[in-house]
Amino acid sequence: MMTSKDVWIMQNHRVIVHFDDYTNQPIGDSGGLLGSWLGQLSNDVMLLPINYTDWRLVSPHIKDRAWAVIQSKFRFNDPMMRKDYVMGALGSRCKDVKLHFWREYKRNNLNETLQNRPEKVLEDQWSHLVHLRFTDKWRKMQERNTKNQKNHIMPHLCGRKSFSRKRDEIKIKTGKTPCRAEFFIESRKKHDGSFVSDEAKLRAEALTTLLNLNPQVTYNGTASLDDEYSQVFGPERPGRVRCVGRGPTPSRLVRHSNATRRQDIENSELVAQLKTQVKTLGDQVNAMSTFLGQILGNSTGEQASAWAANFATAFANIPNPAFVNIPNLPNPQERDGGVS
């Protein structure tokens, strides 16, 4: 059982992080350790300055330095594939750090807040953050976010544990990966069997009804855009997939959920093409057989034997050539009673 502190002091070793292959999300204890350690790394304001407006616009040089530090402590089976998720998670942790500073050190007005700078934050970084947060644009966004939070009446009970880790635990316990409907029910139900809210209970009952109607339906992955969850909660919005967690997006989900179906379509098209080609070849063979029959039927005995020998040599390497099924034609002389 390692802690984030153990990771920091560890030398010449790295923690192997396990990922879910379908969602590309960390799972297991190693996934939890990575998340906790990223939270500590995000507090390093010298490595990761707080004077930015959008994590996506942060200098690549800063992100590359952070990625190098991460790879010095953690080992990924496919670094380039895992980088997007890990750096996105780091960006979320950095956002939490900025929010913590703001809540802890904000005062009544801009000047008082500027004077109340945290000791470990450089003056230019703090000035940028404070001036940004005292703008009308930021105030309106905060009001909108506060209003949206009040509409969130079905919170999950996973705590600090990520959805991917919780879903993996359910898989280990039950032997199957839960779909979104099953995961919603599991993550909104308390230990005593009650739900976090009446609305969550109603949604869970609707999901259970749909699951019972299609008990044999299984999905290749965690979710699809036409599953029971989407039937109850509506279609996905761009950017994320509900009840799955960080990483997967609707566009990626479509590629996953339709992969088998698309392959079936491609295979069907290929079979149709092959059938058309076989039919065309069959028609050509039949026409050739008719033509050969006419030639052999109108030839003398010696000519027919010569034609047959030549064709037999030409088609010797073709399996089951059509002309071998042509019945032996009578000698023209025999057919005409020997009259030439």
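Me: Trp 126 has a relative accessible area of 1%. Is that residue buried or exposed?

Reply: Buried. The cut-off is under 20% relative accessible area. Keep in mind that this is a predicted model.

Me: What does the side chain of Asn 24 reach?

Reply: Look for polar partners. The Asn 24 side chain comes to 3.2 Å from the backbone oxygen of Met 81. It also makes a side-chain polar contact with Arg 82, at 2.2 Å. Beyond residues up to four places away in sequence, Asn 24 touches Phe 19, Met 81, Arg 82 and Tyr 85.

Me: Phe 19 is on that list. How many aromatic pairs are there?

Reply: Count ring centres that fall within 6.5 Å. The total here is twelve aromatic pairs. One of them is Phe 19 with Phe 76, an edge-to-face pair. Centre to centre they are 6.1 Å apart, with 65 degrees between the planes.

Me: Which parts of the chain does this pair of Phe 19 and Phe 76 link?

Reply: Distant ones: the two residues are 57 residues apart. Phe 19 belongs to strand 2, while Phe 76 is in the loop between strand 4 (74-75) and helix 4 (79-105). Phe 19 is buried, with a relative accessible area of 10%. Phe 76 is buried as well, at 5%.

Me: Why is the pair of Tyr 105 and Trp 126 edge-to-face?

Reply: Read the angle between the planes. It is 80 degrees, with the ring centres 6.3 Å apart, so the pair is edge-to-face. Tyr 105 lies in helix 4 and Trp 126 in helix 6 (residues 123-133), so the pair ties together parts 21 residues apart in sequence. Tyr 105 is partly exposed, with a relative accessible area of 25%. Trp 126 is buried, at 1%.

Me: Which residues form an aromatic cluster?

Reply: Trp 8, Trp 37 and Phe 74 form one.

Me: Where do charges sit over rings?

Reply: Look at Lys and Arg above ring faces. Lys 98 lies over the face of Tyr 52, at 3.9 Å from the ring centre. The charged end of Arg 167 sits over the ring of Phe 183, 5.9 Å from its centre.

Me: How do helix 8 and helix 9 cross?

Reply: Take the axis distance, then the angle. The axes of helix 8 (residues 163-174) and helix 9 (residues 180-188) come within 11 Å and cross at roughly 100 degrees. The two helices are therefore roughly perpendicular. Helix 8 makes the contact through Phe 163, Lys 166, Arg 167 and Ile 170. Helix 9 answers with Phe 183, Glu 186 and Arg 188.

Me: At what angle do helix 3 and helix 4 pack?

Reply: About 110 degrees, with axes 11 Å apart. They too are therefore roughly perpendicular. Among the residues that meet are Trp 67 and Ile 70 in helix 3, and Met 87 and Leu 90 in helix 4.

Me: Which residues does Ile 62 contact?

Reply: Set aside sequence neighbours within four places. Ile 62 is then in contact with Leu 47, Leu 48 and Pro 49. Ile 62 is in helix 3 and is buried, at 17% relative accessibility. From Ile 62 to Leu 48 is 14 residues in sequence and 6.9 Å in space, C-alpha to C-alpha.

How values were computed: Residues are numbered from 1 along each chain as its sequence is written. This is a predicted model: local features need pLDDT of at least 70, side-chain atom pairs count only at pLDDT 80 or more; totals for chains, interfaces and linings use all residues. Side-chain values use heavy atoms; hydrogens and water are left out. A polar contact is a pair of N or O atoms within 3.5 Å; within protein, one must be able to donate a hydrogen and the other to accept it, and residues adjacent in sequence count only if both atoms are side-chain atoms. Contact means heavy atoms within 4.5 Å. Rings of Phe, Tyr and Trp (its six-membered ring) pair if their centres lie within 6.5 Å; planes under 30 degrees apart count as stacked, over 60 as edge-to-face and the rest as tilted. Helices (H or I, at least four residues) and strands (E, at least two) are DSSP runs, numbered from the N terminus. Buried means under 20% relative accessible area, exposed over 50%, partly exposed in between (1.4 Å probe, protein chains only). A charge sits over a ring if NZ of Lys or CZ of Arg is within 6 Å of the ring centre and within 35 degrees of the ring normal. Axes are lines fitted to C-alpha atoms, for helices over the stretch in contact, and angles run from 0 to 180 degrees between N-to-C directions. Angles under 35 degrees count as roughly parallel, over 145 as roughly antiparallel, 65 to 115 as roughly perpendicular and the rest as oblique.
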